[in-house]
Amino acid sequence: MSGQHLERNHNSRGSGAEPGPVSGDPWLPAGSGEVLLVTANVRLQAETERIAAAVGASLRTVVDSSGALPLWDTVGMVLLGSDVRELPPRRRAPSVLLGLNSEGDALWELGAALGAERVAVLPEAAAWLAEHLGRSQDPDPGGMVLGVTGGCGGAGASTAAVWLANEAAVHGIRTLLVDGDPRGGGLELCLAAEDAPGLRWPDLAGASGSIGTGQLSDSLPQAGGFSFLSWPGSRDRPLSAEPGAVAAVLDAARRGFELIIVDIGRGTESLGSFAWDCDRILLVVPAQLRAAVAAARLLQELPPVDTALVIRGNAGTVLDGPLIAESLGLPLHGVLPELRGTAAAAELGRLLEFGKRKAVRRFAESVLQLLDDGAV
């Protein structure tokens, strides 16, 4: 297993209950470096043209989908204005949905409906968009961003994220574990690493533009052989990370790490920022009816990112897993072992110690192997 073979994929969610490759080809940069902007919004046009000129990107602007049709699948990137509500038939999803800060949550809902890979709110995300356009001709997509979230409260997503990061580090994969939930109490407490020197989210929450790869990786704390970026495990009122800061941090992380595991959380704020920057998402669901119902509701809030199911349970859960996966329309990616004492271990900062158990390592290794094989 090698992080160098971990593939990124922006296809739609899997539809089968069994693990296996998703349909479609792995994500690859398009052959042309030209950027297509589709919008009739004069302000969006002006903002984007200014940004493209600053980074030397070749930008072609059309006002509607019909005018974009001849160019859509030949350009390197498609930027879609929020005034365009329909895509040309049988065309790939837009790379970025552009909107204005006055549009609020409706912009994220539209992005999900259109299958956009990213959402950028202008002018706040101007620095991020400039960097994104500047990399449009770069053939190296960087490391994979794997999101982990729970289908219900207490599902075990944080535990799964820690164990996956630990196992990836054991296999020599340059790994970063990111705490995506500012109200989750601080992932560093699960690692007993609250005193480890390095940056936390409050140090980066206002960042924008480009963050140097070495600048980020050299400044983060470590535990279990991997780097981590956590919200502080304190009683202080948490600050929210701006979407631009999240994008800047994860872009720098892609350049410095092979695998970035994001414990997304379940809050609307986290789902609306961190989830959109993930290449793949694992949905952790206990083998219970109510948990499956809650997970079905949460799925409606996730962006159009490849998503797979992880069932939490004991040995008998192996029989329930495929049924739950089929009901959710997701591929089954593994069974997270329900070990006695796991909750106490998380409270005492001993999750890394539990991660050495055979059942845990089998689970984590099987998930990483499926990622390595390109399956979600």
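A residue is called buried when its relative accessible area is under 20%, exposed when it is over 50%, and partly exposed in between, with a 1.4 Å probe and protein chains only. On that scale Cys152, at a relative accessible area of 16%, is buried, and 55% of the 376 residues of the protein count as buried. This is a predicted model, in which local features need pLDDT of at least 70 and side-chain atom pairs count only at pLDDT 80 or more, while totals for chains, interfaces and linings use all residues. Residues are numbered from 1 along each chain as its sequence is written, and side-chain values use heavy atoms, with hydrogens and water left out.

**Overall content**

- The protein has 14 helices and 13 strands, where helices (H or I, at least four residues) and strands (E, at least two) are DSSP runs numbered from the N terminus.
- Among the contacts in the protein with a separation of 6 or more, 72% are between residues 24 or more positions apart, contact meaning heavy atoms within 4.5 Å.
- Zero disulfides are present in the structure, a disulfide being a pair of cysteine sulfur atoms within 2.5 Å; Cys278, at 0% relative accessibility, counts as buried.

**The five-stranded sheet**

- Five strands form an open sheet in the order β2-β1-β3-β4-β5, with parallel pairing, and two strands are taken to pair if DSSP finds at least two bridges between them.
- The edge strands of this sheet, β2 (59–62) and β5 (118–122), each pair on one side only, and its neighbouring strands are turned by 25° against each other on average, direction ignored.
- Strands β3 (residues 77–81) and β4 (residues 96–100) run parallel and are joined by three bridges, with Leu98 of β4 as the bridge partner of Gly81.

**Helices α1 and α4**

- Two packed helices are described by the angle between their axes and the distance between the axes.
- Helix α1 (residues 42–55) packs against helix α4 (residues 126–134) at an angle of about 50°, with their axes 9 Å apart; axes are lines fitted to C-alpha atoms, for helices over the stretch in contact, and angles run from 0 to 180 degrees between N-to-C directions.
- The two helices α1 and α4 are therefore oblique to each other, given that angles under 35 degrees count as roughly parallel, over 145 as roughly antiparallel, 65 to 115 as roughly perpendicular and the rest as oblique.
- Their contact is made by Arg50, Ile51, Ala52 and Val55 of α1 together with Ala126, Leu129, Ala130, Leu133 and Gly134 of α4.
- Seven of the nine residues of α4 are buried, and the helix is mostly covered; the buried residues include Trp128, Glu131 and His132.
- The elements that cover the buried residues of α4 include β1 (35–38), α1, β3, β4, β5 and α8 (243–256).

**The eight-stranded sheet**

- A further open sheet has eight strands in the order β8-β9-β7-β10-β6-β11-β12-β13, with mixed pairing, and its edge strands β8 (222–223) and β13 (332–337) each pair on one side only.
- Strand β6 (residues 144–150) is largely enclosed by the rest of the structure, because seven of its seven residues are buried.
- In a regular strand the side chains alternate between the two faces of the sheet; from β6, Met144, Leu146, Val148 and Gly150 point one way, and Val145, Gly147 and Thr149 the other way.
- Strand β6 runs parallel to β10 (residues 259–263) with five bridges, Leu146 standing opposite Ile261, and runs parallel to β11 (residues 280–286) with five bridges, Gly147 standing opposite Ile281.
- Seven bridges join β11 to the parallel strand β12 (residues 306–313), in which Thr307 stands opposite Ile281.
- Helix α10 (residues 289–299) lies across β6, β11 and β12 and runs at about 155° to β11, while helix α14 (residues 358–372) packs on the sheet, touching β6, β10, β11, β12 and β13, with a direction that makes about 160° with that of β13.

**Loops and backbone details**

- Pro123 lies in the loop between β5 and α4, and the peptide bond from Leu122 to Pro123 is cis, with omega near 10°.
- Ala192, in the loop between β7 (175–179) and α6, has phi near 55°, a positive value in a residue other than glycine.
- Gly206 lies in the loop between α6 (201–204) and α7 (213–217) and counts as exposed at 68% relative accessibility.
- Gly206 and Pro243 are 37 residues apart in sequence, and their C-alpha atoms are 9.4 Å apart in space.
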